[in-house]
Amino acid sequence: MSALAPPAPVTRSALDALQGAWESVAGPKRARLLVAGRHFTFEFAGGDIYMGTFDLTPDGMDMHIEEGPAEHVGCSSRCLAHLEGGVLRWCPGRPGSGKRPTAFPDVDDARHLSLVFRRVQRRHR
């Protein structure tokens with residue numbers, strides 16, 4: 001996509017595509033993301049849990065933190081996000097900063113939390 005092209009509008013199908021459970025497969029931390037409607041739960045393996053709501057934007061998602069570490073509750077994190085073919089790339093801005101990353105950093109860059117998620121396949125009984 002050209003840097004000059006206008007961002008695509010957010011559609012209901014974009015929200016539908018995010019629904020479900022996601023596990024990180026690349027990045028500096030292991031994490032799990034659960035999405036139901038416009039609600040999310042984000043859990044770092046062996047660490048913090050964040051819960052809240054989100055809004056999709058043409059260039060990512062704005063996550064509104066309602067539960068989690070005290071210093072982040074009530075803050076929003078403007079995240080860069082891209083979903084394609086069952087792979088979700090995600091990189092948050094610092095909660096409360098009002099800034100969204102402008103590009104995805106390398107997942108091996110320890111200065112940034114850049115994660116790649118794959119959808120968790122449901123087990124059929």
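**View 1. His-64 is partly exposed, at 23% relative accessibility.** Partly exposed lies between buried, under 20% relative accessible area, and exposed, over 50% (1.4 Å probe, protein chains only). The model is predicted: local features need pLDDT of at least 70 and side-chain atom pairs pLDDT 80 or more, whereas totals for chains, interfaces and linings use all residues. Residues are numbered from 1 along each chain as its sequence is written, and side-chain values use heavy atoms, without hydrogens and water. His-64 belongs to strand E5 (residues 60-67); strands are DSSP runs of at least two residues, numbered from the N terminus.

**View 2. Surroundings of His-64.** Apart from neighbours within four places in sequence, His-64 is in contact with Phe-40, Met-51, Gly-52, Thr-53, Phe-54, Asp-55, Cys-75 and Ser-76 (contact: heavy atoms within 4.5 Å).

**View 3. Cys-79 is buried, with a relative accessible area of 0%.** For Cys-79, the nearest cysteine sulfur is that of Cys-91, 8.0 Å away.

**View 4. The second largest pocket has a volume of about 640 Å³.** A pocket is an open set of points on a 1 Å grid over the protein atoms alone, where a 1.4 Å probe fits, with protein on both sides within 12 Å along at least five of seven lines; lining residues have an atom within 4 Å of a point. Points are joined across faces, edges and corners, and the volume is the space filled by probe spheres set on them. Strand E3 (39-44), E5 and strand E7 (87-92) each give two or more residues to the lining of this pocket. Of its 24 lining residues, Pro-92, Gly-93, Arg-94, Pro-95 and Leu-113 lie nearest the centre.

Terms used
A disulfide is a pair of cysteine sulfur atoms within 2.5 Å. Helices (H or I, at least four residues) and strands (E, at least two) are DSSP runs, numbered from the N terminus.
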